[in-house]
Amino acid sequence: MKPEELQKLPPEVYKELEEVVGPENISEEPALLDGYAWQPTFNSSPDLWVPRCAAAVLPGSTEEVQAVVRICNKHNILYKAHSTGWGTFNAVKAGGIVLDMRRMNRIVEIDEKNMYAVVEPYVSGISLQAELLSRGLNCHMIGAGCGASLLASATSGVGDGWDGISMSYSPRNVLGVEWVLPDGELLQMGSLGSHGTWFSGDGPGPSLRGAMRGWCGAFGGLGVFTRVAVKIFNWPANGDHRSEGLMFDYLPPLPENLKVFMVVFRDRGSFAEGMYKIGEAEIGYIQCRNALGMILGGALPRFQRKLPGVPAMVEMLKSMQFCLTHIIAANSPRELAYQEKALRAIALDSEAFVLDMGQLPLGGLLFWGLVKDSLPPLIFRIGGQFSSVFGHDETWDSSILLNRVGQEIKQKWIDRDGMIDDLADNAWMFLQEDGMWTHCEELILYDPREEKHVRSVNNAIAEAMISAVEHCQGPGFMLLNPMVRRMLSPMMSHYNFWTKKLKKEFDPLGLSDDVAYCSEEDVEEADIDLENMTFDIPPEELARIFEERISVIPAPREMAQ
Amino acid sequence: MALTDYVRDMRGCSRCSSCKWVPFNQVKSWRNAMNCPAITRFNFHAYSGSGKMNMGLSHLQGRSELTEGAADIIYHCQLCGACEVSCKVYRDDIDLTDVLLELRATCVEEGQLMVEHMAMLDFLKRDDNPLGEPKSTRGDWTEGLGLKDINREPADVMFHAGCRFSYDPDLREIVRGTARLLQSSGAVVGVAGGEESCCGGRVYELGYRGEAANYAEDMLSRVKASGATTLVTGCSDCYAHFKYAYPRIGKELPVEVLHVTEYLDRAITEGRLRLRDSVPMKVTYHDPCHLGRMSEPFICDWEGDKLLRPMSLKRTGKGGIYDPPRRVLSSIPGVRLEEMERIREYSWCCGAGGGVLECDPEFAAWTAGERLQEAISTGAEAMVTACPWCERLFKDAAGESGLDLPVYDITQIVLRSTGTR
């Protein structure tokens, strides 16, 4: 029997797993398993379920993870591990088992002197940061929000965040990894593999960061990561500032050595130039372009819904759409004054105006929301769900281009009432490493309970894919989809054939579920003519192919059979 | 309402897992970052607020049966409301606690009942209390206090002791002290004594809607007959059900309903109660879920798209009772309040609610133990709270685990300061 045909674990396999993790840490109760099958984010299927796994296990240690993986290898069972488990890429194909890493939630070590922290899979950004701020330290927080796993973004998937200007992105901060390979063997990567310390991800000891994840990550397709050491950074303030309130009523003061500004540029061109200068000046701690539609929707969703009926207001907001929130941080008042002066000079030169948000009532909320990364889930407030297209890490010029293209694509679908009107202006973009490279993705807001929205979003994704190719841009996160990989592979040196070869070296039996990485579906002979394929396919047609063929996950009706 | 009325809520779950955490802006340490006892203890996603909504939808769509195992997960939840508070930081269109309540009602409709709860129901049917104590002794705690019999004599204030305070011998002095405080404030206080019965909150939470309505009706008729203008209770559980469940099922009480902390706060502010003696003690205060986030009053149901619902109808936990007990404590000479990390609307539950104390006392004690550890870490000499169910469980959990932290009802501290004997 092929692993994916297995719907329920054979009793002897269940028993073996149970002996490893204990009876309270394994289940095959269907209702419980559907807790793992509900995955509305990045799901193109209108009913939002993904395949139900055959069982879920909760390993509590690296040794237990190894034992579980070895049992899977012994019995030819697919598996996939996840940490916080948000997004379709956490799903294992039908018949596989899910390793929910929730029990492995310890902060193993915080080395203040050498500025790194060692964490297990379920340690979230917010829980590590809460321990760090009081020590004058901070950690990189990712766009998925502060409740997401630090380890997952470092070892397995994406990892961009608005502090990228000073703290880079997750995989660049990896200083050591403990990795249960797909066959159950334990690999200690970087200096950890040489003399048991976590100070360098590239050695002495095996340096496999590229193989481990490349740019976007293997999303669970290369075994299980059980510990990671991540670089930590300076927090030039005295701990945290507390106040009552949860979100819009949470208004603590700003610390002394940090300030938050809003910089409004007159147009896309001056925004592009101004950002280059900010990067060159090396004066950023956290920054992000403001998507005004998104901000309005997150804070005032009812108002945002009525906004299209007030064209003058729309025009006014659009005139301010090239707007940046920028936090500066310094170790002394003099340095802070220098940074502010530099920022204001750049703004003046770019014909932009600067608002000191710290002087305004909502400045504290904005500042701490960015520092703590507590704002991202507000995206769900607007319609319930979002999707993302492009999602690349490239030069600033490329990001600016995608910002324009994304806006054009979205406007078309908004005009057809196919998604929520966010002024078509929701590119999440910022500099990384002082502008040496940048991130841009176009966020689409929609209500997954509205079928017309789901269809439109699929169309918009298809159109974005075509657009990315037309503009010589990478497809970004869309590569999580096997069909996209298959279609774009010939234009990208058949890169996925090479990742598949790598995968086979690590995982000869192919049991670490790789659907979001390099699955058979994208490397097998295509039944569409790739040689003669052109990219003038009508988006509706491509969307139809998406729905029928590319859906990462089969529809639940298939699954239930 | 029924589970089917919440399909849109369940389908709206983005699976972001915010429901598992203290609202992010209030996370103060790794140790105290979690808000939900069930997911923290049992770990499978199904134990979280999100996971239970997934289960509900799965059941309605015919993907899974409501098995004994599924019901066991549904009832391993204190219904403390912490998940909803965290969810609603980001969502306007999901009423998570209502979904959890409807899931339980569905369990009852489909016969998936917990054996331990059946025993409690038998007690209720027999003696109008969930503890198995005889109805005839319910009013014994009032002996010698000179309280009015509300069934026969007029009174300004009707005091409802609740089941736990009426019967628990270890808590008897607390409820007697509370009555004396009310009297000291100048109120003419009446009680139903032996005629008092359970508020029905527990059965409401377990999903027994018919029984809950009967108890509410019984309470309503007693209140109407009393002629009192104010109903005061020291039990947070009862208070929450008077404020939320009763109006929701069409049994709103026609009097002002106050928790004793609200009453004392007013009495102190108005000078009707003098706090004279110093009580030199560093304390921490535990917000009972049912006095805090779960006591937000019911206003009305909303028909249609909840994304368009006025914010005043969105339950966020903010409208619970948090400041009156803190003001009372700060009024007591000598008392110093050290706050825990999880307080107010994002307080960690004591563990007793939702039928957990009855069906899995070990889980209840574990939950209480987590809270006691948090309290001890503040350096406080004692924990103060305002609910007999919390007090009972904390005392037991502290005793069983050898944690040395005295637990007081807030009225005990007030009583010491007033010098009332």
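Which residues of the largest nonpolar core touch the most other members? I put this first, keeping in mind that the model is predicted.

**Entry 1, core.** I looked up the largest nonpolar core and found 309 residues in it. Those touching the most other members are A:Ala56, A:Val57, A:Ile97, A:Leu99 and A:Val230, along with B:Leu393 and B:Phe394. I noted as background that nonpolar side chains tend to be buried together in soluble globular proteins.

**Entry 2, A:Ile97.** I then listed the contacts of A:Ile97, leaving out neighbours within four places in sequence. A:Cys53, A:Ala54, A:Ala55, A:Ala56 and A:Val57 are among them.

I checked how chain A is divided and wrote down domain 1 (3–103), domain 2 (107–234), domain 3 (258–457) and domain 4 (476–560). Five residues of domain 1 of chain A are in contact with five residues of domain 3 of chain A. On the domain 1 side of this contact I count four nonpolar residues, one polar and no charged.

I turned to the contact between the chains, which takes 45 residues from chain A and 42 residues from chain B. Helix 2 (30–37), helix 4 (125–133), helix 11 (301–306), helix 14 (363–372), helix 15 (379–383) and helix 22 (556–560) of chain A each supply at least two residues to the chain A side. Helix 2 of chain A gives the most, with six residues. I recorded the chain A side as 23 nonpolar, eleven polar and eleven charged residues.

Technical notes:
Residues are numbered from 1 along each chain as its sequence is written. Chains are lettered from A and ligands numbered from 1 in the order in which they are written. This is a predicted model: local features need pLDDT of at least 70, side-chain atom pairs count only at pLDDT 80 or more; totals for chains, interfaces and linings use all residues. Domain bounds come from an automatic or database domain assignment. Two residues are in contact if their C-beta atoms, placed from the backbone, lie within 7 Å. Ala, Val, Leu, Ile, Met, Phe, Trp, Tyr, Cys and Pro count as nonpolar, Asp, Glu, Lys and Arg as charged, and the others, Gly among them, as polar. Helices (H or I, at least four residues) and strands (E, at least two) are DSSP runs, numbered from the N terminus. A nonpolar core is a set of buried Ala, Val, Leu, Ile, Met, Phe, Trp, Tyr and Cys residues joined through C-beta atoms within 7 Å. A residue is buried if 20 or more other C-beta atoms lie within 10 Å of its own, exposed if 12 or fewer, and partly exposed in between; C-beta atoms are placed from the backbone.
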